[in-house]
Amino acid sequence: MTNQANTNDNDDDDGDNSAPPIPAGSKNYMTPQGHLRMKTELLKLIDVERPEVVQIVSWAASNGDRSENGDYIYGKRRLRQIDGRIRFLTRRLDLAEVVDPSIHHGSDQIFFGATVRYETQSGEEQTVTILGIDELDPLNGKISWISPVARALTKAREGDTVILKTPGGLEELLILEVSYPAPQ
């Protein structure tokens, strides 16, 4: 059994652990592309960035008084940031459940990985892609599968109207188009 409480990684003040926590009892769903991106970042940190910073810190430490040595102080801080990010990425990847959205290519039903074009009650069209927590980029239409919009859309089909609960009340969304990437 995996300990879900450790996925927040808020114990590192200097780490870049800005992704939202994974809901208790849930898997960390992500696309193959998202998984590859995180794995590539982890390997770069381990194989390139961390050794470079360790070398700088060692050199700076050999220069004498560490209390006023900017290279040493900055290097140690950067090393803590890198180590925090490595721990975060390792935990997230350990919990990863890679889901290939292309298995639904040609389907009009909304599941993880779908790109959905919908219309709001006010007539505004939106396009979103439902991705993993670690892949979200709301400004570019990439939303998490746990977001209220994604939850409202999931399992609906093209032409359906779904209800979205918002702070301002209930809103109807008309699903105009559902698409998935083509299999590779």
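**Exercise 1.** Is Lys-44 buried, partly exposed or exposed in this predicted model, and what is its relative accessible area?

*Solution.* The relative accessible area of Lys-44 is 46%. Since buried means under 20% and exposed means over 50%, with partly exposed in between, Lys-44 is to be classed as partly exposed.

**Exercise 2.** Determine which residue forms a salt bridge with Lys-44, and then find the network to which the pair belongs.

*Solution.* The side chain of Lys-44 meets that of Glu-49 in a salt bridge, with an N to O distance of 3.7 Å. This distance is to be set against the cut-off, which asks for a side-chain nitrogen of Lys or Arg within 4 Å of a carboxyl oxygen of Asp or Glu. The next step is to look beyond the pair, where Arg-78 joins Lys-44 and Glu-49 in a network of salt bridges.

**Exercise 3.** Carry out the accessibility analysis for the salt bridge between Glu-125 and Arg-117.

*Solution.* The closest N and O atoms of Glu-125 and Arg-117 are 2.9 Å apart. Glu-125 has a relative accessibility of 45% and counts as partly exposed, and Arg-117, with 27%, is likewise partly exposed. In total, the structure holds nine salt bridges.

Conventions. Residues numbered from 1 in each chain as written. Predicted model: local features only at pLDDT ≥ 70, side-chain atom pairs only at ≥ 80, totals over all residues. Heavy atoms only, no water. Buried < 20%, exposed > 50% of the residue type's maximum accessible area, 1.4 Å probe, protein only.
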